[in-house]
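Hello,

Here is the structure I promised to pass on to you. Please open it beside this email, and then read on for what turned up in it.

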Amino acid sequence: MRSIRFATVALATTALTLPLMTGTATAGPAGGEKAAPHSHAAPDRLRSAAPEGFVVGTAVAGGGHHLEQDYPDPFTYDREYRKILGRQFSSVSPENQMKWDYIHPERDRYDFAQADAIVEFAKRNKQVVRGHTLLWHSQNPAWLEEGDFSKEELRTILREHVTTVVGRYAGKIQQWDVANEIFDDQGDLRTRDNIWIRELGPGIVADVFRWVHEIDPKAKLFFNDYNVESVNAKSDAYYALIQDLLAQGVPVHGFSVQGHLSTRYGFPDDLEDNLRRFDALGLETAVTELDVRMDVPEGGAPTKAQERQQADYYRRTLEACLAVEGCDSFTIWGFTDKYSWVPVFFEGEGFANVMTDDFDRKPAFYALRDTLREAARKDDCKKSHKHRKG
Ligand code: G3I
């Protein structure tokens, strides 16, 4: 049985600057996603279908590529979006709002408005938060990347940032993506494009884990990356590094696979085995950014076969996580195609999420919901069996 780790996030006093909406997302009769009517009592929401202790998350759309689009900030202004966000999910990850370029736009200025709003929303909706991210080569502000800082100054800047951001949300973050994407696909440390590793050396990674742990001892601290679903050069590099860090007593608690999948490629069949080897090191594991993109066919709409294949990838990823004892956090990178990063980054690909632009549920949504229900049913059976025996 899964350990129950659903700590309600507690927010102290934060200056909340949410221009339009601050209400709790509730399941009102009038609104939200269009679902096929169902007559039985089985839970219809992802969060309530899940087994006890297993959180189902989504990225919270805002910042990043959204700024270049012609719609207003989704998290702040899209009422229907917010309703589904609160209803369906028990975990949220800021898609961009805690990244350096958002939260720390100038050397001496932080902007917490968006991140605070998400943490506050999560509290009201009894959701946990995944912090994303602290040490990364991307989405760093120009003042940092182009600044003329000595090594000592850079170390001070990083430590101050970690202390400030982690400190602000201490006790309210379930898992932190402390280090994001530090290896390339060959399994080599990003010694050129990661400013921290380049300037301060690989040892900085362990230091950041130590600093974060000191400030928020309850948060679980993760390495997070893409293209590490399988056993390959990149995931091997994490496996070796994490063993080394654990041996030195560095507080590393988790390894997570992002899961940006494409139906152009086969499903990573060894995902479960890969998660298991990290689990065997005593780590938590997680799926943190799942989406499954596909080629946009002529005519513009996915075929039934494409939707089936996509649903199958979603289901298998979830099943792999559910099969591993310490994989208790499963997050999709957005739930609606309306706000997906995919068409912006991959020409000719899209439809990667579990709901359409209009928030209609796709087969992938039902695949997740039904897989969660089945896992919860099995857990319940196990529990009642134990109860009868005892
Ligand atoms: O660099 C410019 C910046 O100067 C300008 O101010 C800004 C506003 O127009 O645009 C800039 O870059 C944008 C960047 O976010 C930083 O804001 C990019 O155009 C934009 O495409 C980018 O998108 C985000 C992307 O990360 C960047 O790496 C996406 O919204 C976000 O979904 C995506 O999320 C990542 C995870 O964090 C890590 N794993 C992969 C995942 C998908 O790429």
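**What I found**

Let's begin with a pair of side chains: those of Asp-44 and Arg-369 make a polar contact at 2.8 Å. A polar contact here is a pair of N or O atoms within 3.5 Å; within protein, one must be able to donate a hydrogen and the other to accept it, and residues adjacent in sequence count only if both atoms are side-chain atoms. Asp-44 belongs to the segment before helix 1 (46-49). Asp-44 counts as buried because its relative accessibility is 16%, and buried means under 20% relative accessible area, exposed over 50%, and partly exposed in between (1.4 Å probe, protein chains only). Helices (H or I, at least four residues) and strands (E, at least two) are DSSP runs, numbered from the N terminus.

Before you go further, please keep in mind that this is a predicted model, in which local features need pLDDT of at least 70 and side-chain atom pairs count only at pLDDT 80 or more, while totals for chains, interfaces and linings use all residues. Residues are numbered from 1 along each chain as its sequence is written, and side-chain values use heavy atoms, with hydrogens and water left out.

**Around the ligand**

Where does the ligand sit? The ligand is in the largest pocket. On a 1 Å grid over the protein atoms alone, a pocket is an open set of points with protein on both sides within 12 Å along at least five of seven lines, whereas a cavity is a set of points where a 1.4 Å probe fits but cannot get out; lining residues have an atom within 4 Å of a point. A molecule sits in one of these if more than half of its atoms lie within 2 Å of its grid points.

There are 21 residues around the ligand, and His-65, Glu-68, Glu-95, Lys-99 and Glu-289 come nearest. A residue is near a molecule if one of its heavy atoms lies within 4 Å of it. The shell is made up of 6 nonpolar, 9 polar and 6 charged residues. In this count Ala, Val, Leu, Ile, Met, Phe, Trp, Tyr, Cys and Pro are nonpolar, Asp, Glu, Lys and Arg are charged, and the others, Gly among them, are polar.

Three of these side chains are worth a look. Glu-68 has a side-chain N or O atom 2.3 Å from an oxygen atom of the ligand. For His-65, a polar side-chain atom lies 2.6 Å from a ligand oxygen. For Glu-95, the distance from a side-chain N or O atom to an oxygen of the ligand is 2.4 Å. Taken alone, the ligand exposes 810 Å², and the protein buries 69% of that; accessible areas come from the Shrake-Rupley method with a 1.4 Å probe, and for residues only the protein chains shown count as cover.

**Helices**

Why is helix 3 (residues 79-88) described as largely enclosed by the rest of the structure? The reason is that 7 of its 10 residues are buried. Among them are Tyr-81, Ile-84 and Leu-85, and also Arg-82 and Arg-87. At the start of helix 3, a side-chain oxygen of Asp-78 comes within 3.2 Å of the backbone nitrogen of Glu-80.

In helix 1 you will find Ala-49, which is buried at 1% relative accessible area. Ala-49 and Ala-376 are 327 residues apart in sequence, yet their C-alpha atoms are 6.9 Å apart in space.

Helix 10 (residues 233-247) holds Ser-235, which is buried with a relative accessible area of 0%. Asp-236 is in helix 10 too, but Asp-236 counts as partly exposed at 37%.

**Backbone details**

Most residues other than glycine have a negative phi, and most peptide bonds are trans. Here, a cis peptide bond joins His-132 and Thr-133, with omega about 5°, and Thr-133 is in strand 3 (residues 128-135).

Phe-351, in the loop between strand 10 (349-350) and helix 14 (363-389), has a positive phi near 50°. Phe-351 is partly exposed at 24%. Phe-359 is found in the loop between strand 10 and helix 14; its phi is positive as well, near 70°, and Phe-359 is buried at 2%.

Enjoy exploring!
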